[in-house]
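Hello,

Here is the structure I promised to pass on.

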Amino acid sequence: MVLEAVGRTSVLRFSALENWFHRYGRPCQKHTKLLQRDANKSARERKLRLIEARSALIQRRLARSTEGVGVADREYVVAQRRPSVSAVMFLATLITAVWSLFILTEVLLIFVPRTKLLAILSITCPMISFVGYITPIGSVIRAFKTQDASNLPMPFLLSQAFLCLISISYGISVNSPPIWATNLFGLTTQTLWMAAARWISGAASLRSEEKDKPTRALERRASTKSLPDLDGASVSSVVPPPLYSALLATCLTCLTLTVLSIIPTRIVGFAMCLQGIILSASPLARLGAVLDSRNADSIPLPISLNMVLGNVLWGMFGFYVNDHVIFLPSVVGYTLGVVQILVIMWCWGYLPYDLSFLKCIFGRSNRNPETSIELAAQDDDEMPEFADREEAPETASPDEKGRSTLELTQLEAGSNSSYRRRCSFVLKECNLDDLSRTMASRLSTIAAHVAGSPPAWSSPADIPQQHQHGGILVALAIRALGVSHIFTLTGGHISPILVGCNAVGIKVVDMRDEKAAVFAADAYARLTSNIGVCAVTAGPGLTNSITAIVNAKMAEVPIIVLVGATSMLLKGRGSLQDIDQQALVKSTVKQQASLKCVSDIIPTMLEVATTAASYNPCPGPVLLEFPLDVLWPRTMAESMIASSSSGARGLSGRLQRWYLDRYVNSMFGKYFQSTSKTIALPSSSSHTMNKVSRPAVALSVAEKVAALLEKSRRPVIVVGSQAAQDVAHIEELRAALVSLEIPVWVSGMCRGLFGRKSGESVQMMHMRSSALKEADFVIIAGTPLDFRLNYGRSVNPKATLIVCNSNKDILLKNKDLRAATQYIHACPSQFLRDLSLVESRRPHQVVRSQWITTCREREAKREKEIAAQGSKHSTQEGRVSPVRLLKALDKLLQEWGTEATIVADGGDFVGTASYCVRPVRALGWLDPGVFGTLGVGGGFAVAAGVLAGEYAKEPVWLLWGDGSVGWSLAEFETMARHRVPCVAIVGNDGKWNQMYRDQVRLLKDPVAAVLGSHVNYHTAAEGYSGNISFLLERDEDIEETLITARRAALESRGPVLVNAMLASSDFREGSLSL
């Protein structure tokens, strides 16, 4: 039953507290007060809906008892259809009804002569008009019985009176007694009905005043004798009907004479036609209230049926006499009459589809158009704050306890209009102090449970009011991608995105530079094999991040760059930070899009994420532009538009405001009021990109390569960063390479693939060029034949060359300089694992122990040379040997375990580290990649640190050159805020050494390659982080300084810098890359 559905109540339990936290986000201060307020609001709404349901039920029972219909309850079952389907069915019904009228008119001419039809209609049309005049008598009698005039069709009666008045004027002007006599009768009857309504209202007001004079006297209106209003007889009047009729008739007679003397007959005839249409539409004046309450008592069925029948007859008459003045208004009136009957049938539950969608046009408030029965909750201020109980307080008087229950007979005895005023619920309030004390014991448990689980919103309507903006939808899409962090530098254009992410449990990592934010998203994607997400503000925020975006493109890293933009209305008008951002990034991203409405945010986010991660041709960055008016709440857009159009006046002002209103609706619509399953919000991690489809080839391809490999005696495998993109199978890749027993050189993200025991495996670090020159079989997997391999010319021209690359655009790169025996477009990791599988199935594997021994001997020899150079003390006072420093770091990292991550950001210093430092784990080395960008250090280190967590066992080790440190030293403050333990070692040699060495040797001029000789980077780092930093100037202090710095970073959970003053070194002589 309806009452049971809306009147069900429950007490506030602790399970409800958890649901509240899930809905509104993580616990915060004043949560107890907010919980109590939310409980009060929900309980108040339930009680008011209960009152409305009971009131509607009493009205239906009274109406049915008068009409002879039984008083048995009826459940209203409305087919749950989508609003668009119901609208189509509604329009189809109207079109069918109109065409039926046309067909009936034509068919009658076939069987009945026109003259005979006109004779019949000349009699029936006036008769149906007379019947229409007296039709409201049933409603008037019912109002007399119930002493309630609220359901009388006052708009219809008033419109009918004005139509009769105009028709009388027209009949007198054309000297037609039938016309003015008929309408004079109609004017008299309508005046009588309106006078009766006024008398009923006045009598009811007097009775109410006598019963409760002090209270009711304040609610009566000051005016007593006035014309009836459109909302029914709500003004008190004690004038009897005969006198009222005489007064009204006198006024109307005077008005008639005025019309006759001023207005021409043609205009009076046109006004009569127009008023006829208004009369047909007048019962729909209360359509909004009818739709809200689902009570059609204010649209009496007899009047609607008379209207349909009368307009059918008059329309046929106008058609036969070829009078469009009669025909067209009759067709319109017939259509409106059909609408009234459909609304009545819907209210009674006989219509096979739902008309709730009409609330979007006629409704009084924004409510869900798919709800089958909606009960308006009004008079909020009259209800007290209460919890979900209906029992009276123990201290209440017997009278008060009696008022806490309501009997049905008491409801039926009084008028419905004062029902809510007579119903008083004495409800027991929750004790806030008791609730606080009780909840305190379990708050820690609830908070711990909720902190790891974001709010669960299944549809846009579930989103709380304070979060109904575009930023929350962006956050929900990010959460659906399984992304746990977003990196940003805040700005007004993107603030809703950051607030939304924080609300749904996504960690917002705010950086000090836009490039660093993009670099951090880059590192996040590399380490997780998922999408990286960053947000930058409009204009300078985007231009500052271009280098980092290009670096991600060159490194084939999937990231989503979210960028703010000016309002769409102000685009190109010179607003703050307004540039053509789409044109700026066109060549740097795989896809770009600009959002126009909130309903497109989540689908577009998921679409571009798929594009970013796809291998078409390779993963890469994508960009989404969010104008201000799409991201911020609707209220802000409306206020901004209102302020911009406030000065417009006249017709142009109205047109401007009309356009701006449509503009706002085009962006927001009713998205946040919709509960449709077609726009259900995605759940957490429902669209993660970890299992993206990678290019693959048949196993037969690996078998062909294995056949070529079997013939070789000196094979070599070079593995690049693409092989590390498949993070899920990184350990399987390592095992596959070990089982092949072929010397392997790794680069980029694959450094550290073999872990701390790389010296005992097939991995080699040195002498790669020599091995490639002597090899008879070479596999280049996951890296192109670019400058790093001397464009393919480093490989023995007589060797069998297999190139495997997941990017089809660079697979054939430099084919003209060094053509491969076979090109394989596939995931390098998958191909090498397939090759290992094929080799393991062979009964007799080829033994290449001599070749492996040769490579290891060369490796050992080079290691001894590096160790010998590292053992030498610096000959410069106050300077340390770079090789000695890096070999000491390598020794300590091998001892400390497998948790450390190394971030490389520099030129000559990092180049030296690539020979001296071995990463201790897979994905334990981060460098910019093929683009060679300086400045990645701060962003990469922050991402690695936040992913390791606050309780990481090892700090992030950041290797900075003294040139690159200037780009991201400010991120030390970011690491301190987000508790990222990091030890940054700055190789401070006072120059851009990689350029300086060969520039001086070849061009004899060090211009622009020299920096300060003794810059105190450690002092600057202390200012940013607040932690102690170290100045390293002696070789003897290297190990002690590194150990102390590591301990300080772990204890403070923040960054520590070691400013290592480096001596000059010729370790990498001739290493300039052009």
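**What I found**

Helix α35 (residues 882-896) and helix α42 (residues 1038-1052) have axes that come within 10 Å and cross at roughly 50 degrees. Before going further, please note that this is a predicted model, in which local features need pLDDT of at least 70 and side-chain atom pairs count only at pLDDT 80 or more, while totals for chains, interfaces and linings use all residues. Residues are numbered from 1 along each chain as its sequence is written, and side-chain values use heavy atoms, with hydrogens and water left out.

A few words on terms. Helices (H or I, at least four residues) and strands (E, at least two) are DSSP runs numbered from the N terminus. Axes are lines fitted to C-alpha atoms, for helices over the stretch in contact, and angles run from 0 to 180 degrees between N-to-C directions.

On the α35 side the contact (heavy atoms within 4.5 Å) is made by R884, L885, A888, L889, K891, L892 and W896, and on the α42 side by I1038, E1039, L1042, I1043 and R1046. By class, this contact of α35 with α42 has eight nonpolar, no polar and four charged residues. Here Ala, Val, Leu, Ile, Met, Phe, Trp, Tyr, Cys and Pro count as nonpolar, Asp, Glu, Lys and Arg as charged, and the others, Gly among them, as polar.

W896 turns up again among the aromatic pairs. The structure holds seven of these (rings of Phe, Tyr and Trp, the last by its six-membered ring, with centres within 6.5 Å; planes under 30 degrees apart count as stacked, over 60 as edge-to-face and the rest as tilted). The rings of W896 and W957 have centres 5.8 Å apart and planes at 15 degrees, so this pair is stacked. The pair links distant parts of the chain, 61 residues apart, with W896 in helix α35 and W957 in strand β15 (residues 956-961).

**The sheets**

Strand β15 belongs to an open sheet of six strands, ordered β14-β13-β15-β16-β18-β17 with parallel pairing (two strands pair if DSSP finds at least two bridges between them). At its edges stand β14 (925-926) and β17 (1030-1032), each with a single partner strand, so one side of each has no neighbour in the sheet. Strand β13 (residues 901-905) pairs with β15 in the parallel sense over five bridges, and A904 has L959 in β15 as its bridge partner. Helix α41 (residues 1017-1025) lies across β16 (982-988), β17 and β18 (1055-1061), running at about 170 degrees to β18.

Another open sheet of six strands has the order β2-β1-β3-β4-β6-β5, again with parallel pairing. Its edge strands are β2 (507-510) and β5 (592-594), each with a single partner, so one side of each is left without a neighbour in the sheet. On average, neighbouring strands here are turned by 20 degrees against each other, direction ignored. Two bridges join β1 (residues 485-488) to β3 (residues 532-536), which run parallel, and F487 has C534 in β3 as its bridge partner. Helix α22 (residues 514-528) lies across β1, β3 and β4 (559-565), at about 170 degrees to β3.

Helix α5 (residues 114-134) and helix α13 (residues 301-320) pack at about 150 degrees with axes 9 Å apart, which makes them roughly antiparallel. Their crossing is left-handed, and the contact has 14 nonpolar, six polar and one charged residues.

Helix α31 (residues 730-740) and helix α33 (residues 828-840) pack at about 45 degrees, with axes 9 Å apart, and are therefore oblique. α31 passes α33 in a left-handed crossing.

**Backbone details**

Most residues other than glycine have a negative phi, and most peptide bonds are trans. The bond from N616 to P617 is cis, with omega near 0 degrees; P617 lies in the loop between α26 (601-613) and β6 (621-627). Y791 has a positive phi of about 60 degrees although it is not a glycine, and lies in the loop between β10 (777-781) and β11 (800-805).

Best wishes

Technical notes
Angles under 35 degrees count as roughly parallel, over 145 as roughly antiparallel, 65 to 115 as roughly perpendicular and the rest as oblique. A crossing is left-handed if the near helix is turned anticlockwise from the far one by less than a right angle, and right-handed if clockwise.
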